[in-house]
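I opened this notebook to record what I looked up in one protein model. The entries follow the order in which I worked.

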Amino acid sequence: RGQTSQKKETKSARVNLHRLCRFLAERRDATMGLGKAVAVVLCLAGVALSYYALTVEMKSEAAKEIGEEYEALCDIDSSKASGAFVSLLTSIFGEFSVSCSSVFASEYGKGFGLLQMVVGNDHFLVQPNSVYGLVFYPTALIAKLAGADGIFLAMTVTSCLGSIYLGYILYFVLHDVCIVCFSTYAVNIGLLLCGLLSGSSAPVDSTKKTQ
């Protein structure tokens, strides 16, 4: 009787373990599916932000060539703008100026301000930063959809390191505020979190039979 009871307990433990493994596998698949969906949305947002930044830079350069000044939607001057939100910010920070177009037109708006020192200003690799974004985000999206989580994670880590560098330049060197830039940094952080969550979801084999 003792052996029979022990066998029943062992069998029950195996069944419970199998159910637990299957439950964990289902939860992992659901989490990875949600993470993939979020990554797709963030990559598309990155493409949209990069395209908008490139558009602003092109229009700004075209206006400069004909002696005019282009003011983008992301350029906000508290002394000229109106609205409850602007009034609230002014009451907190005082008068402020937000200019993404001036940031894009700066020496750091192309080649991250680094490639020029390596290959020269006229090299084809020295492009507006937004062009790199138009290449990066679709590539990251393809890597994610293809299940290349290692490549995706490496890309997101690199993008966040770039965001830290550009954020430092924005605040301490240019002394400017750029809504598009901050939005891009947020996208990069979100993609990094997606990459980390995917990497931490270890596969669970629910089909392996216990002996």
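**Entry 1: Basis.** I note that this is a predicted model, in which local features need pLDDT of at least 70 and side-chain atom pairs count only at pLDDT 80 or more, while totals for chains, interfaces and linings use all residues. Residues are numbered from 1 along each chain as its sequence is written, and side-chain values use heavy atoms, with hydrogens and water left out.

**Entry 2: Helix H5.** At 1.5 Å a residue, its 17 residues should span 24 Å, and the end C-alpha atoms are 25 Å apart, which agrees. The expected span is 1.5 Å times one less than the number of residues.

I then asked which residues of H5 are buried. They are Asn129, Ser130, Gly133, Phe136, Tyr137, Ala140, Leu141, Ala143 and Lys144. These residues cover an arc of only 160° around the axis, which puts them on the same side of H5. The arc is taken from the directions from the helix axis to the C-beta atoms. An α-helix has 3.6 residues a turn, so residues three or four places apart point the same way. On the other side of H5, I found Val135 and Ile142 exposed. Buried means under 20% relative accessible area, exposed over 50%, and partly exposed in between, with a 1.4 Å probe and protein chains only. Just after H5, Gly147 takes a positive phi of about 80°.

**Entry 3: Salt bridges.** How many salt bridges does the structure hold? I found 2 salt bridges, each being a side-chain nitrogen of Lys or Arg within 4 Å of a carboxyl oxygen of Asp or Glu.

In one of them, Lys110 pairs with Glu61, with the closest N and O atoms 3.9 Å apart. Lys110 lies in the loop between helix H3 (100–104) and helix H4 (115–119), and Glu61 in helix H1 (residues 2–65), so the pair ties together parts that are 49 residues apart in sequence. Lys110 is partly exposed at 32% relative accessibility, and Glu61 is partly exposed at 37%.

Asp149 and Lys144 also meet in a salt bridge, at 3.7 Å from N to O. Asp149 is partly exposed at 23%, whereas Lys144 is buried at 3%.

**Entry 4: Surface patch.** I recorded a nonpolar surface patch formed by Leu114, Met117, Val118, Val119, Phe124 and Leu125, with about 620 Å² of accessible area together. Patch residues have over 30% relative accessible area and no salt bridge, and nonpolar side chains (Val, Leu, Ile, Met, Phe, Trp, Tyr) are joined within 5 Å. Accessible areas come from the Shrake-Rupley method with a 1.4 Å probe. Met117 lies in helix H4 and counts as exposed at 65% relative accessibility.

Methods. Helix = DSSP H or I, 4+ residues; strand = E, 2+ residues; numbered from the N terminus. Patch = residues over 30% accessible without salt bridge, like charges linked within 9 Å, V, L, I, M, F, W, Y side chains within 5 Å.
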